[in-house]
Amino acid sequence: MSKDRDYEEDRKAAGQEEGAGTKGADAPGGGEAFKSGKPEGKKAGGWKRELWEWAKVIVSAAVIALVLNTFIIANSQVPSGSMEETIMTGDRVIGFRLSYLFSEPQRGDVVIFRFPDNEKIFYVKRIIGLPGETVDIVDGQVYLNGEEEPFEEPYIREPMIPEEPRHFEVPEGCYLMLGDNRNESSDARAWMNTYVKKKKIIAKVLFRYYPKLGKIE
């Protein structure tokens with residue numbers, strides 16, 4: 001009986017050692033150290049990858065905005081009241097740069113263009129005179145091409161204050177620009193370089209987006 005009991009105890013002891021050895025083989029160097037090290041590696045790689053993805057998004061957005069503003073749209077703020085009531089002081093407007101790529105500017109279009117007396121400055125005015133036309137301003141009224149009846153302008157803020165009669169002969173490839181608020185507008189009547197060349201027209205104004213959204217006509 002004593003030998004049998006000793007034999008059973010030896011078997012139990014051998015089994016415990018074997019189990020301990022198996023546990024150590026599954027987690028070499030300590031199970032806790034192995035588990036804690038792996039998530040840290042994933043975390044480090046994760047934030048770098050996320051940062052890279054955000055960087056790509058920001059760079060892509062910047063490139064798209066640059067292309068749009070350079071070739072497609074023109075974003076402009078109107079600092080004066082020369083175009084009231086069509087465009088109010090401080091309004092922000094969007095113009096389409098491709099409007100005249102396949103067509104000619106039309107009378108009544110509101111456009112963004114380079115100021116002919118200082119081309120570093122952009123102006124917003126309305127096209128009144130087309131290439132080859134004559135424009136007369138008499139007693140606060142606009143007459144086109146010698147017509148007896150004045151040109152109807154429902155968009156002007158108020159009747160023009162009568163001034164000395166003015167006569168304009170628009171050269172080919174150029175346009176005559178006037179503001180809708182005639183009594184407060186610095187336009188072709190006052191410029192040293194009276195006319196705007198077509199190639200200096202940047203965009204046709206389509207709509208106002210600030211402080212409220214609205215179509216410009």
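Buried means under 20% relative accessible area, exposed over 50%, and partly exposed in between, with a 1.4 Å probe and protein chains only. By that rule Ile 161 counts as exposed, because its relative accessibility is 56%. This is a predicted model, in which local features need pLDDT of at least 70 and side-chain atom pairs count only at pLDDT 80 or more, while totals for chains, interfaces and linings use all residues. Residues are numbered from 1 along each chain as its sequence is written, and side-chain values use heavy atoms, with hydrogens and water left out.

Start with the overall layout. The protein has two helices and eleven strands. Both kinds of element are DSSP runs numbered from the N terminus: helices are H or I with at least four residues, strands are E with at least two. Along the sequence the pattern reads α-α-β-β-β-β-β-β-β-β-β-β-β. The protein has 217 residues, and 30% of them count as buried. Its accessible surface comes to about 14,500 Å², and carbon and sulfur atoms hold 56% of that. These areas come from the Shrake-Rupley method with a 1.4 Å probe; for residues, only the protein chains shown count as cover. Contact means heavy atoms within 4.5 Å. Among contacts in the protein with a separation of 6 or more, 62% come from residues 24 or more positions apart.

Now the strands around S5. Two strands pair if DSSP finds at least two bridges between them. S5 (residues 134-138) runs antiparallel to S7 (residues 166-169), and four bridges join them. S5 also runs antiparallel to S6 (residues 141-144), again through four bridges. Asp 136 has a bridge partner in each neighbour: His 167 in S7 and Tyr 143 in S6. The hairpin of S5 and S6 has two residues between the strands, and there Asp 139 takes a positive phi near 55°.

Next, follow the chain to the loop between S6 and S7, which holds Ile 161. The C-alpha atom of Ile 161 is 6.5 Å from that of Asn 183, although the two residues are 22 apart along the chain.

Asn 181 sits in the loop between strand S8 (174-178) and strand S9 (196-197). Is Asn 181 buried or exposed? Asn 181 is buried, because its relative accessible area is 3%. Leaving out residues up to four places away in sequence, Asn 181 touches Gly 81, Ser 82, Met 83, Glu 84, Arg 157 and Glu 158. A polar atom of the Asn 181 side chain lies 2.9 Å from the backbone oxygen of Gly 81.

Finally, the rings. A pair of aromatic rings is described by the distance of the centres and the angle of the planes. Rings of Phe, Tyr and Trp (its six-membered ring) pair if their centres lie within 6.5 Å; planes under 30 degrees apart count as stacked, over 60 as edge-to-face and the rest as tilted. The structure holds five aromatic pairs. In one of them, the centres of Phe 113 and Tyr 123 are 6.3 Å apart and the planes meet at 65°, so the pair is edge-to-face. Phe 113 lies in strand S3 (residues 110-114) and Tyr 123 in strand S4 (residues 122-129), so the pair ties together parts that are ten residues apart in sequence. Phe 113 counts as buried, at 0% relative accessibility. Ring pairs also link Phe 113, Phe 115, Tyr 123 and Trp 191 into a cluster.

How values were computed. Polar contact = N/O pair within 3.5 Å; in protein donor to acceptor, adjacent residues only side chain to side chain.
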